[in-house]
Amino acid sequence: MAVLRYLQLDVFAPRPGTGNPLGALLDADTLSSYQMQALAAWLNLSETVFFLRPSAPGADYHIRIFTPTRELAFAGHPSVGAAWAAVSCGLAQPRDGALLQQCAAGLLPVRVSGPVEALEIQLASPPARQLATPADSAPEALLALAAGGQPPELWDNGARWWLLPLRDAAAVRDLVPDMAALRDWSLATDATGVAVFADEAGSGHSRVVRVFCPADAASVPEDPVTGSANALIGAWLRQRNALPGREGHYVASQGREVGRDGRVQVEVDAQGTVWIGGHVQCVIDGSIHW
């Protein structure tokens, strides 16, 4: 039995309790893949990250990401939370505010700014690509709320999300989805789930997002705050020259409908790389016997 340092973080959270929880196990080299998966299932958080010694040239730290049922190549809130933990716990030292994260999706650049007590993390998402999968099995009730002329599109950056703009912010906020229909659609198209979004001129944000994943995480059918989906929405907007805000930077609001109030900072740079980031809160700092 190993005794491992354990953090439980709140990611994309302006204050504790407003973001997406993340488990983080430090110094997990002694654990097998089976043990990691079993521990992630026992913790039953949407994702848990395990820190390993870097093995790729140039990597500052190395993580593996597990849901309760499977390993992921990439996920947004685990990657942002892991970067915060790596710096805060002394596992990695930024060079001119920069780090390289090693994960199954490759080496991802990270920007670190702000004081130690209020670090701000931005992470480069893996490249986004639009898939040719037709949306034939999309639920009709959801399509009826879509912005004019916009069909759902399946996009991939290590996670696969159906992206659908709705006609206005109220349609997003008031949506009561048919989770069974979304589950069946996701399973039929090998999608992680469905992200809906619209412009919203709010306090500190300009876009509202909701993300549903009943096929991928039956116990959390609506994800509180989702980095990978927000990154794909940024790429979708760039494709249409429709990025809000200035210089490709905006803030998305996600999670109010499930009792959270997450904020995701999205930036699309001149090269088309989508950066996602925000604040991280440490809620639990202890140890796990496993």
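Author: The dialogue below takes these features in turn, with the general idea before the case.

Author: This is a predicted model, in which local features need pLDDT of at least 70 and side-chain atom pairs count only at pLDDT 80 or more, whereas totals for chains, interfaces and linings use all residues. Residues are numbered from 1 along each chain as its sequence is written, and side-chain values use heavy atoms, with hydrogens and water left out.

Reader: Which residues of helix 1 are buried, and which are exposed on the other side?

Author: The general idea is that an α-helix has 3.6 residues a turn, so residues three or four places apart point the same way. Helices (H or I, at least four residues) and strands (E, at least two) are DSSP runs, numbered from the N terminus, while buried means under 20% relative accessible area, exposed over 50%, and partly exposed in between, with a 1.4 Å probe and protein chains only. In helix 1, which spans residues 33–43, the buried residues are Met 36, Gln 37, Leu 39, Ala 40 and Leu 43. Seen down the axis of helix 1, these buried residues fall within an arc of 165° (taken from the directions from the helix axis to the C-beta atoms), so they line one face of the helix. Tyr 34 and Trp 42 are exposed on the other side of helix 1.

Reader: What do the buried residues of helix 1 pack against, and which residue follows the helix?

Author: Contact here means heavy atoms within 4.5 Å. The buried residues of helix 1 pack against strand 1 (3–11), strand 2 (20–25), strand 3, strand 4, strand 5 (71–72) and strand 17 (274–289). Helix 1 is followed by Asn 44, with a positive phi near 60°.

Reader: Where is Gln 101, and with which side chains does it make polar contacts?

Author: A polar contact is a pair of N or O atoms within 3.5 Å; within protein, one must be able to donate a hydrogen and the other to accept it, and residues adjacent in sequence count only if both atoms are side-chain atoms. Gln 101 is found in strand 6 (residues 98–103) and is buried, with a relative accessible area of 0%. Its side chain makes a polar contact of 2.9 Å with the side chain of Tyr 61, and another of 3.1 Å joins the side chains of Gln 101 and Ser 79.

Reader: How many aromatic pairs are there, and how are they described?

Author: A pair of aromatic rings is described by the distance of the centres and the angle of the planes. Rings of Phe, Tyr and Trp (its six-membered ring) pair if their centres lie within 6.5 Å; planes under 30 degrees apart count as stacked, over 60 as edge-to-face and the rest as tilted. By this rule the count comes to 5 aromatic pairs. One of them, Phe 50 with Phe 66, is edge-to-face, at 5.6 Å centre to centre and 90° between the planes. This pair links distant parts of the chain, since Phe 50 is in strand 3 (residues 48–52) and Phe 66 in strand 4 (residues 61–66), 16 residues apart. Both Phe 50 and Phe 66 are buried. The rings of Phe 51 and Tyr 61 have centres 6.0 Å apart and planes at 40°, so this pair is tilted.

Reader: Which residues have the most contacts inside the largest nonpolar core?

Author: A nonpolar core is a set of buried Ala, Val, Leu, Ile, Met, Phe, Trp, Tyr and Cys residues joined through side-chain atoms within 4.5 Å. The largest has 57 residues, and those with the most contacts inside it are Phe 51, Tyr 61 and Leu 163. Apart from it lies another core of 21 residues, among them Leu 164, Leu 182, Trp 185 and Val 196.
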